[in-house]
Amino acid sequence: MTTFDDILEEAGKFGRFQKRIFALLCMVSMPFAGVYVGVVFQGFTPDHWCRDPGMEQLRENCSLALEKARRLILPLVNSSTGGLPSQCQRYDVDWNFTDLTCDNLDRDITEAQRAAWPTTSCKNGWEYDYEGRESFVTEFDLVCADAWLVDVFQAVLGVGFLVGSISIGCVADKFGRKVSFLVSNVLNALTGILVAISPNYISLVVFRALHGFGVKGGWMAAYVLITELVGVEYRSVVGVLFQMFFSFGVIVLALIAYLIPNWRWLQVAFTVPYIFFVSYYWFVPESPRWLLSQNNSSKAVEITEALAKENKKTLSKNIQTLKDDNADPASGSFMDLIRTLNMRNYTLILSFNWFTSAVVYQGLIMRLGILGGNVYIDFLISGIVEFPAAFLILFTIERIGRRLPFATANIVSGAACLITAFIPESLLWLKTVMACIGRLGITMAFEMVIFVNTELYPTFIRNLGVSVCSTLCDIGGIVAPFLLYRLAVIWLELPLIIFGVLAVIAGGLVLLLPETKGMPLPETIDDIEYPNRNKEDTTMSHQL
């Protein structure tokens, strides 16, 4: 009997056929970046203050400058940077019945006089300093008491990711990788447009959750499909480069957001690719490995022959005996992940690392929207910084191993976050450099966790193990916006301290994991619990 990996030896492990499919599927990672971190632009909260109809009339009559008007109508509030004009309150004064006139507006008003004025909430709405641009924050007035609703907008995406990745993963196992990919993209196109035309906030978050349901599951289906089409030794390279296109999508997103000032049209911009992906029905095949697992060897043979033809290779008669190379009668359960000591430790450490990677990565990106600088330039730089991560991973994992680069990436990211939090604003260049190092480190950690996760679990529960641990990634995505935006209200740098502590702990825990470089994949739980026996067997087989 011949396995699919045996046939790839003849047909080509990463020939023209696989490269074409790889190029097509890599495009899926780019709009995923828009969905995942587009909230930086779509939910941008600009400088804002209470609208005062009486002051607007006074400004018009007296040609009063905006800054002077704001000083008149807004009380000062304490903040981590000193006294600032309130964004959520104004003086409750009828300016038409004061002794202020166009001739004496420039006089100084003492703090004692201001203290005697009553204050009120922004009952007439807000004004925004956003230069003709519009986010859903400015459209639905999601500021002050309603600012937490921006957190919900991002959190429901994580809920959609969590449910969708599990549900569409089941669809992919039952009905095929290609079917699940195409169905998810139809759903993505429909829900993405619904997000763009949402008439109110409630419908916005409902459609956002549904959008997340399809986007994450479709991306995972594409990832699995391409890794199943190439030879084993190319899977790590393909996996890293596939994720690198997400970083490219981050860069493109900054440029598109700069050109499209309206959040609704920006949503349309990164929904259109999902309509295009439906055309992959004619260009992307089903996974032969999945077909073999479903005993559909005739269709698997047909696709494999097309693969060999495009790669200009000739197949032997072994193709007629092609069988499922993953057939394993053993089945696992969640209890297998925590029943024994080593398995329990691996599950807890990997789950924490998935959670930390999501929280820190997403938190550092969303933080760009609240720093007060040029969000487009900052976002562009942060995307460029991610690119070296993929090359550093490819350079180190086969030379040094998995554990040390994985742990180092986390620890460096955490240390950079902690250092950045305490660098004064006067050293902005140093603050920027350290923040970029933090982004680079957590990007490496995020891209490496899936490799380590895959290589540490035995075959019969490998997929289950990755699925269970990676659910903490989506939970981290739910927690991240609340952690960032609510803590930043207390102190802008406080989220960085939390991120730094999480990442350093995650890196320390990784050092407790075994090195998997050069080791055969474990087949049973005994291989995990008694790794020295496995090493001895490997050494003896090499000597023989």
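The accessible surface of the protein comes to about 24600 Å², with 64% of this area belonging to carbon and sulfur atoms. Accessible areas were computed by the Shrake-Rupley method with a 1.4 Å probe, and for residues only the protein chains shown count as cover. The model is predicted: local features need pLDDT of at least 70, side-chain atom pairs count only at pLDDT 80 or more, and totals for chains, interfaces and linings use all residues. Residues are numbered from 1 along each chain as its sequence is written, and side-chain values use heavy atoms, with hydrogens and water left out.

Of the 544 residues of the protein, 52% count as buried. Here buried means under 20% relative accessible area, exposed means over 50%, and partly exposed lies in between (1.4 Å probe, protein chains only). The protein contains 24 helices and 6 strands; these are DSSP runs numbered from the N terminus, with helices (H or I) of at least four residues and strands (E) of at least two. Among contacts between residues at least 6 apart in sequence, 81% join residues at least 24 apart, a contact being heavy atoms within 4.5 Å.

Helix α17 spans residues 341-367 and has 27 residues. From its first C-alpha to its last, α17 reaches 38 Å, close to the 39 Å expected at 1.5 Å a residue; the expected span is 1.5 Å times one less than the number of residues. Of the 27 residues of α17, 22 are buried, so the helix is largely enclosed by the rest of the structure.

On the surface, I400, L404, I411, V504 and L511 form a nonpolar patch with about 400 Å² of accessible area together. Patches are made of residues with over 30% relative accessible area and no salt bridge; like charges are joined within 9 Å, and nonpolar side chains (Val, Leu, Ile, Met, Phe, Trp, Tyr) within 5 Å. L404 counts as partly exposed because its relative accessibility is 48%.

The count of disulfides comes to 2, where a disulfide is a pair of cysteine sulfur atoms within 2.5 Å. One joins C50 to C122, with an S to S distance of 1.8 Å. This pair links distant parts of the chain, 72 residues apart: C50 is in strand β1 (residues 47-50), and C122 is in the loop between β5 (119-121) and β6 (126-129). The link of C50 and C122 is left-handed, with -50 degrees about the S-S bond. Both cysteines, C50 and C122, are buried.

C88 and C144 also form a disulfide, with their sulfur atoms 2.0 Å apart. C88 lies in the loop between β3 (82-85) and β4 (89-91), and C144 in the loop between α8 (136-140) and α9 (148-175), so the pair ties together parts that are 56 residues apart in sequence. The link of C88 and C144 is left-handed, with -100 degrees about the S-S bond. C88 counts as partly exposed at 30% relative accessibility, and C144 counts as partly exposed at 22%. Two further cysteines are buried: C417 has a relative accessible area of 3%, and C473 has one of 8%.

A search of the whole structure finds 13 salt bridges. A salt bridge is a side-chain nitrogen of Lys or Arg within 4 Å of a carboxyl oxygen of Asp or Glu. Among them, the side chains of R20 and E310 meet at 2.9 Å, N to O. R20 lies in helix α2 (residues 16-26) and E310 in helix α16 (residues 297-310), so this pair ties together parts that are 290 residues apart in sequence. R20 is partly exposed, with a relative accessible area of 31%.

The side chains of D52 and R90 meet in a salt bridge at 3.5 Å, N to O. D52 is in the loop between β1 and α5 (53-62) and R90 is in strand β4, 38 residues apart. Both D52 and R90 are buried. Another salt bridge is formed by the side chains of E386 and R439, at 2.1 Å, N to O. E386 is in helix α18 (residues 375-396) and R439 in helix α20 (residues 428-456), 53 residues apart. E386 and R439 are buried.
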